[in-house]
Amino acid sequence: MGSESYSKLPFLDFSKPELTKPGTPQWESLKSQVRQALEEYGCFEASFDKISAEIRTAVFESLEELFDLPLQTKLRNASKKPFHGYVGQYPQVPLYESMGIDDADTPEKVENLTKTLWPQGNPRFSKTIQSYSEQLSEFDKMVRKMIVESFGLEKYMDEHIDSTNYLLRVMKYKGPKTPDTKIGLHSHTDKNIVTILYQNQVEGLEVQTKDGGWIKFQPSPNSFIVMIGDSLNAWLNGRLHSAFHRVMMSGNEARYSLGLFSIPKAGYIIKAPEEVVDEEHPLVFKPFDHVEFLKFYYSEAGQRAPSALHAYCGV
């Protein structure tokens, strides 16, 4: 295995309007950088200033309030889908707990969950979470548009966007109260389309490079991590890189993070378009349903497999 390092992930600037206007030379340049970063690293660091400093501060205050709720209250957030409800109390990852908010960009859905956790209501929490998710979902769509265009798949754009919805997964990693490094979350690839991660200023995220080394990410209050998941990797016939990543914790401070996941809708079949399959790039994955793939991933066989995606639907 390669060594750990503080070398940086590619940094891309989405903060200037002239850079993100489709069809301009600046858009074409940024689009090329997005594809290059995702081919090599599977992720990149990005500036995106459409979310105000007030909202960025408020989301972490909301997370502290959420995770300070009694365990029995947090358990009310239940879901039949793996890793969509409350997750915690796992001996293998004792520092980790998280909660999923389905359709977090939709006011009614966030309000329903808020009432489940705070029957008396908590308008600040629901407004903050929904506003953050709605604004960040626009960033997700922009990145995905660049990816789709870069492969000449524009005719699939509407279907690609309409086939997904959003899960906001909020996470807390307790500080282990030791200078020694402890596992916050085991190494894994995301299973969805695109993940956009935002975190407080506590280190912990590490991304594995293709040569097996680990890049320790140094968080900034002004940037996000954009990462592709196995489902997008499969749809593009393995043409991008889905990166393994983990969380390693030390010290006393808690790490809070939010991941906005674009996720294929139940029943939608992920199938590589013919345009990304040729002699140089033969078909890598058979068509599959994301929900069925998740069931396999959380099975004993899926957890054992070096790559659950290849084990489940590899050609």
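Start by selecting the open sheet of eight strands, which has mixed pairing and the order β2-β3-β11-β8-β13-β6-β5-β4. Strands here are DSSP runs of E with at least two residues, helices are runs of H or I with at least four, and both are numbered from the N terminus. Two strands count as paired if DSSP finds at least two bridges between them. Now pick out the edge strands, β2 (11-13) and β4 (86-87), each of which pairs on one side only.

Before going further, a word on what you have open: this is a predicted model, where local features need pLDDT of at least 70, side-chain atom pairs count only at pLDDT 80 or more, and totals for chains, interfaces and linings use all residues. Residues are numbered from 1 along each chain as its sequence is written, and side-chain values use heavy atoms, leaving out hydrogens and water.

The protein chain averages 93, and 98% of the residues score at least 70. Confidence is lowest in strand β1 (residues 4-5), at a mean of 50, and highest in strand β8 (residues 194-199), at 98.

Look for V194, which stands opposite I228 in β11.

Next, select helix α1 (residues 25-40), which lies across β2, β3 (43-47) and β11 and runs at about 140° to β3. Angles run from 0 to 180 degrees between N-to-C directions, and axes are lines fitted to C-alpha atoms, for helices over the stretch in contact.

Then show helix α5 (residues 123-150), whose axis is 9 Å from that of α1 at an angle of about 85°. The two helices are therefore roughly perpendicular (65 to 115 degrees). Among the residues in contact (heavy atoms within 4.5 Å) are W27 and L30 of α1 and M142 and M146 of α5.

Finish with residues 163-264, which an unreviewed UniProt entry annotates as "domain: Fe2OG dioxygenase". This stretch is 6% helix and 56% strand, with its end C-alpha atoms 6 Å apart.

Terms used: pLDDT is the predictor's confidence in each residue, from 0 to 100. Angles under 35 degrees count as roughly parallel, over 145 as roughly antiparallel, 65 to 115 as roughly perpendicular and the rest as oblique. UniProt positions are given in the numbering used here, feature names are shortened, and annotations may be inferred rather than shown by experiment.
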